[in-house]
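This note sets out several points for a colleague who is meeting the structure for the first time. Please read them beside the sequence and the model.

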Amino acid sequence: MNRPLIISDCDEVLLHMVAHFRDWLGESEGVDFTIGSNSFAQAMRWRDSGEIVEEREIWRLLGRFFDTEMDRQHPIEGAVEGIAALADHADVVILTNLNDERRDRRARQLMDHGIDARVFTNQGPKGPALKAILDEYAPSRAVFIDDLPQHHHSVAEIAPEVRRLHLCGEPLLAPHIDCAHRAGHAHARIDRWGEALPWLLGQLANETLDRENA
């Protein structure tokens, strides 16, 4: 039987992103970014004019950040240790919403922080990409970790058998993100790795018990 599989997001789950993005925008791009919701659409304004940054400019700025500023990102408290502990019991892969050409850079970034895991890139809802990963690994059980509720909804629709943990490790953002657990699309919402790790290990332990009782 194949091992269980952990499929984890990166930004705001393993590494802080939005706070570093905000700082860089203010320092280098003349953009004030007020973190007060999970939507960038109304949160970013050009400092000189006060006008809202258009969507295409937001995507351009995000691309520049990931191309030039990924070294700013540092781990969420407990994430590196948590992934190491999970890797003793399961395969671990990363499913991150970046363009494919940034896959190797993301893998190196995580490696530099002590996370050695295969990286899958994706654009849009994560359900289809996760299903492709399941088809390849055929795990005995799979657990998905992500900070955004829409991805839990997508996975719940396409692969409802996957256990789903909603985790946003960025305290500036977490209070403003709709709860996927409350919406019925995640099995739990836990925003701190110190509390999330026992829950995650419990999901893997349940698989061990399932095999013993088979």
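What radius of gyration would a compact globule of 214 residues have, and what does the chain have?

1. Overall dimensions. For 214 residues, a compact globule would have a radius of gyration near 17 Å, and the chain agrees with this at 18 Å. The radius is taken over C-alpha atoms, and the globule rule is 2.2 Å times the number of residues to the power 0.38. Along the principal axes, the C-alpha atoms fill a box of roughly 65 × 35 × 30 Å.

2. Basis of the values. The model is predicted: local features need pLDDT of at least 70 and side-chain atom pairs count only at pLDDT 80 or more, while totals for chains, interfaces and linings use all residues. Residues are numbered from 1 along each chain as its sequence is written, and side-chain values use heavy atoms, with hydrogens and water left out.

3. The chain has seven helices and eight strands, which are DSSP runs numbered from the N terminus (helices H or I, at least four residues; strands E, at least two). Buried residues, those under 20% relative accessible area with a 1.4 Å probe and protein chains only, make up 49% of the 214 residues.

4. Nonpolar cores. A nonpolar core is a set of buried Ala, Val, Leu, Ile, Met, Phe, Trp, Tyr and Cys residues joined through side-chain atoms within 4.5 Å. The largest has 29 residues, and Leu 14, Leu 86, Leu 165, Trp 193 and Leu 200 have the most contacts inside it. Two or more residues come from each of α3 (79-87), β4 (91-96), β6 (142-146) and α7 (193-213); α7 gives the most, with six residues. Another core, of 22 residues, lies apart from it and includes Val 18, Leu 62, Cys 168 and Leu 173.

5. Packing of α1 and α2. Helix α1 (residues 18-29) packs against helix α2 (residues 55-68) at an angle of about 100°, with the axes 11 Å apart. Axes are lines fitted to C-alpha atoms over the stretch in contact, and angles run from 0 to 180 degrees between N-to-C directions. The two helices are therefore roughly perpendicular, a term covering 65 to 115 degrees. His 20, Phe 21, Trp 24, Leu 25 and Glu 29 in α1 meet Leu 61, Leu 62, Arg 64 and Phe 65 in α2.

6. Asp 146. This residue is found in strand β6 and counts as buried because its relative accessibility is 0%.

Note on methods:
Buried means under 20% relative accessible area, exposed over 50%, partly exposed in between (1.4 Å probe, protein chains only). Angles under 35 degrees count as roughly parallel, over 145 as roughly antiparallel, 65 to 115 as roughly perpendicular and the rest as oblique. Contact means heavy atoms within 4.5 Å.
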